Amino acid sequence: MSERLSSRDRRRAKEFDAFVAGAAGRLLHAATLLTAEPPGANPHAQQLLTTALARTYADWDRLRGEDPYDRTRQELATRFARGAWRHHRPRGGVLARLTAQERLILVLRLYEGVAEEQTAALLGIPADRVRAICTRAVAVMRGTLPKPTRPRLRAAS
């Protein structure tokens, strides 16, 4: 029995290592965009990815045909959303001007190509809200977002 178990554990580790070798670069880039850190100095992104990969590894035998990349991306997004308050300060990354929610939606929709409905389901918000946030984030990145206007106060007569 112990030989079978160790053989299964070796197979599992080998499969997971192959997955990480192929997917870690793209996943780390996504995590770096989420945390708004520069690519060369991204300790929060690395920690976020390591935690997501650990969860994927723990669930490896239960994936049953599910794409491990999708599972890891979902875990990455969920963990980022839960701890987004830690990532409010811009760190100099390309998406540093965006809020944590805007970064998350922009990365999922545009970088990862996740469908609007899927993104909405993952985040638990309506699809039209995802669309609005994505549109706003793109406008901020393009620098075309109009300045907010304040209502003018009328002088008392």
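The largest nonpolar core holds 35 residues, and within this core Phe19, Leu27, Leu34 and Leu76 touch the most other members. Please bear in mind that the model is predicted. Two or more core residues come from each of helices H1 (2-35), H2 (43-58), H3 (68-82), H4 (100-111) and H6 (127-142). Helix H1 supplies the largest share, eight residues.

Let us take Leu27 as an example. Beyond its neighbours within four places in sequence, Leu27 is in contact with Phe19, Leu49, Leu53, Tyr69, Thr72, Arg73 and Leu76.

I now come to the aromatic residues. The count is four aromatic pairs. One of them joins Phe16 and Phe19 in a tilted arrangement, with 6.0 Å centre to centre and 50 degrees between the planes. Both residues belong to helix H1 and lie three residues apart, about one turn of the helix. Phe16 counts as buried because its relative accessibility is 10%, under the 20% cut-off. Phe19, at 13%, counts as buried as well.

Phe16 also pairs with Tyr57, here edge-to-face, at 4.8 Å centre to centre and 65 degrees between the planes. Since Phe16 lies in helix H1 and Tyr57 in helix H2, this pair ties together parts 41 residues apart in sequence. Tyr57 itself is partly exposed, with a relative accessible area of 29%. Phe16, Phe19, Tyr57 and Trp60 form one aromatic cluster.

Finally, I turn to charges over rings. The charged end of Arg12 sits over the ring of Tyr57, 4.3 Å from its centre. Arg26 lies over the face of Tyr111, 4.4 Å from the ring centre.

Note on methods: Residues are numbered from 1 along each chain as its sequence is written. This is a predicted model: local features need pLDDT of at least 70, side-chain atom pairs count only at pLDDT 80 or more; totals for chains, interfaces and linings use all residues. Side-chain values use heavy atoms; hydrogens and water are left out. A nonpolar core is a set of buried Ala, Val, Leu, Ile, Met, Phe, Trp, Tyr and Cys residues joined through side-chain atoms within 4.5 Å. Buried means under 20% relative accessible area, exposed over 50%, partly exposed in between (1.4 Å probe, protein chains only). Helices (H or I, at least four residues) and strands (E, at least two) are DSSP runs, numbered from the N terminus. Contact means heavy atoms within 4.5 Å. Rings of Phe, Tyr and Trp (its six-membered ring) pair if their centres lie within 6.5 Å; planes under 30 degrees apart count as stacked, over 60 as edge-to-face and the rest as tilted. A charge sits over a ring if NZ of Lys or CZ of Arg is within 6 Å of the ring centre and within 35 degrees of the ring normal.
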